[in-house]
Structure formats: C-alpha cells, structure tokens
Amino acid sequence: MINNGDFVDIMNFYDQYEVVYQSKNDDDKQFIEDPHKCICRFCGGTSPDVSFKHKAHAIPEFLGNRRVLSKNECDLCNDYFSSSCEDHLAKYLGITRTLGQMKGKNGVPSYKATNQLSRIDVTTSGIIIKDNEHDGIASIDTSTNSLVVKGECQPYRPLSVYKAFVKMALSVLPYSFLKDFTDVVKWIRTEPEDTQTLLIKPCLLVQKFIPGPNPINRISFLLLKRKNTAAMIPYMQFVLATGNYQFQIVVPCPAQDKTLHDKQITLVSFPTPFDMAEYEFGPIKTQLIDLSDCDLKRDDQRIVTMQFDSY
C-alpha cells in the first residue's frame, strides 16, 4: 500500500531507480517494436486475425506525442483504448489541455463552457479568453496581478484515468520485461470493476503544476525500474511531462512487488528541472490524487491561476 499523505522531493532519485525507457529530444520517429512482429502485446492477436493498419501512438496524440509509435498494438486494441481509458484521461484534463497548450492532432484544443457561451482559444497571438457574464470562468485580482480560470470537466472515471497512464507505460515497456506484467495487461483491457479487484491500492497520481508560459514545450516521458530488488519501493514508475504538468504513477507489478503487499510505503515524487527555489514564475504545486474510484465523477472543476505583469 502507498502512503497517500507522505511524499517528498529528492534530487537523488536515480540512486534508487534506473531508466529502462526514455523519450528522445528530437523530431525523429521512434518505433516500439517487439521481436515477434504483427503480434499485439495487449491481446495476443496475430495477423491476419487482427490488423495493424492504424498509427498506434504509444502515448496519446492529444498529450502532444506525434513521434513515438507502437508496431505491436493491433487496431482493435487501439480503438478500445482510445474510446475507453484515454477518453477518460482527456476529460479529466479538461481545460488544462488548453491552458497548458498541449498540442494534439489538430493543435491546442479550445475549451468551451458547458452552455457554450464562454470559451478559451490558443492562437498565434496568445491565449484568448471570452467570458460570458453569466459564466464567470475567469476573474482578475489586480492586487496580486493574477488571473484565475475555472473550467468544469466532462464526467470521467478516475480508475480509467489511472489505467490510461498504465497503458502508456506498458506501451513503451521493453519486451524483456513484459513477462512480469501479464496480469496488468489483462487488467487494463477489462471493463470498470469494483475496488476489490484493484492490482494496487490506492491508485495514486503525483501531479505537478509548473507555472509559466508553456515550460515543457516538448512532451517527455520515462520508465524507471528499481535498482535494489530488496528495497521497499515500487518496482516500476512512469513519469510524463507536457505543457505545464508532470504526471507520475506506480506501474502495478504483482510479480515483482509481492513484498510490498499490505505494506505502507513512501511515494517519492520525481524532481523537475523547475524545482529550484528561485524559479522565476513561482513554486511548483504538487498534488497527490487518488484515482481508485470506479464511479463516474461529475461536476469536477479545474482551477488554474496565472500571473501577469500589468493590467
């Protein structure tokens, strides 16, 4: 079990973990390809029983990934993940995709209020906020030179959001590690279940908000494995950063985390390059979010505060 109230930032994270996959900082295509071609790593389907015609993004394209593609994700699984867990992740992010300038297939998505009267668009000249007097999605505090923007998420299932991150981790997982994640692969392909069947309890997300104008302008992600097999820390963790956000989860692995069952452990948050105290746009805001709930979450708000020089 993960202690959901005790986590700290440390700069010696790599003393405990080694990187098994890391995105490259260039524009070249990166292909995840298993030794056995045309075999789906999620359902085991083979050609010609299943097809591999779709461009399967290892990380959803709406998060800004256009480079890392999987050659071992069949079209059926690609469609399933897109319409299930990845759709819930998009709804969970909501307005933050716009304000965080996460570039999807058609650029940065616009945000529209529930009644369609107010909207936020990202243009070449900046962020344009049109706030109808009946909505009040934006408010200005001239005493602190801050703009507070509120947006309401579409209904989403927290557990499906967690599964979306797990699916990303499994998509970039080196083939040699797959044998330890058989149960996890099956779990993310099942329909929503009750909390008694969770592979990890609780399902926690460490979410960091980094202020400033699009501080992470290129999506990056890495998969980390613990160095010491006897250490009381999770076997594998996944970290993804894009726009103004960094996300971190423990990747469930019953085969390697047997000694952690029913134990309380400390979840250490992965440091960002902006964690230094003198960061010009202010301190990083860290949240520990429990995504274990299987029920749809409605009327969930996202509140983002932005600073400005003058009004």
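Tutor: Start at the end of a helix. Helix H2 is followed by Gly94, whose phi is positive, near 50°. H2 covers residues 85-93. The labels come from DSSP runs: helices are H or I runs of at least four residues, strands are E runs of at least two, and both are numbered from the N terminus.

A word on the model itself. It is predicted, so local features need pLDDT of at least 70 and side-chain atom pairs count only at pLDDT 80 or more, while totals for chains, interfaces and linings use all residues. Residues are numbered from 1 along each chain as its sequence is written, and side-chain values use heavy atoms, with hydrogens and water left out.

Back to H2. Of its 9 residues, 7 are buried, so H2 is largely enclosed by the rest of the structure. Buried means under 20% relative accessible area, exposed means over 50%, and partly exposed lies in between (1.4 Å probe, protein chains only). The buried residues of H2 are Cys85, Glu86, His88, Leu89, Ala90, Tyr92 and Leu93.

Now its partner. Two packed helices are described by the angle between their axes and the distance between the axes. Helix H1 (residues 75-83) packs on H2 at an angle of about 30°, and their axes are 3 Å apart. Axes are lines fitted to C-alpha atoms, for helices over the stretch in contact, and angles run from 0 to 180 degrees between N-to-C directions. H1 and H2 are therefore roughly parallel to each other. The cut-offs are these: under 35 degrees is roughly parallel, over 145 is roughly antiparallel, 65 to 115 is roughly perpendicular, and the rest is oblique. On the H1 side, the contact is made by Phe81, Ser82 and Ser83. On the H2 side, Cys85, Glu86 and Asp87 take part. Contact means heavy atoms within 4.5 Å. These contact residues divide into 2 nonpolar, 2 polar and 2 charged. Here Ala, Val, Leu, Ile, Met, Phe, Trp, Tyr, Cys and Pro count as nonpolar, Asp, Glu, Lys and Arg as charged, and the others, Gly among them, as polar.

Pro155 touches Lys91, Leu296, Lys297 and Arg298, not counting residues up to four places away in sequence. Pro155 lies in the loop between strand E9 and helix H4. At 33% relative accessibility, Pro155 counts as partly exposed.

An open sheet of 3 strands has the order E8-E9-E15, with antiparallel pairing. Two strands pair if DSSP finds at least two bridges between them. E8 (138-141) and E15 (301-307) stand at the edges, each with a single partner strand, so one side of each is left without a neighbour in the sheet. The twist averages 20° from one strand to the next. E9 (residues 146-152) and E15 pair in the antiparallel sense over 7 bridges. Leu147, for instance, has Met306 as its bridge partner in E15.

Leu159 sits in H4. Leu159 is buried, with a relative accessible area of 1%. Leu159 and Leu291 are 132 residues apart in sequence, yet 5.2 Å apart in space, C-alpha to C-alpha.

Rings of Phe, Tyr and Trp (its six-membered ring) pair if their centres lie within 6.5 Å; planes under 30 degrees apart count as stacked, over 60 as edge-to-face and the rest as tilted. By this rule the count comes to 13 aromatic pairs. The ring centres of Phe165 and Phe247 are 5.4 Å apart and the planes are at 40°, so the pair is tilted. Phe165 is in H4 (residues 158-172) and Phe247 is in strand E13 (residues 245-250), so the pair links distant parts of the chain, 82 residues apart. Phe165 counts as buried at 2% relative accessibility. Phe247 is buried too, with a relative accessible area of 1%.
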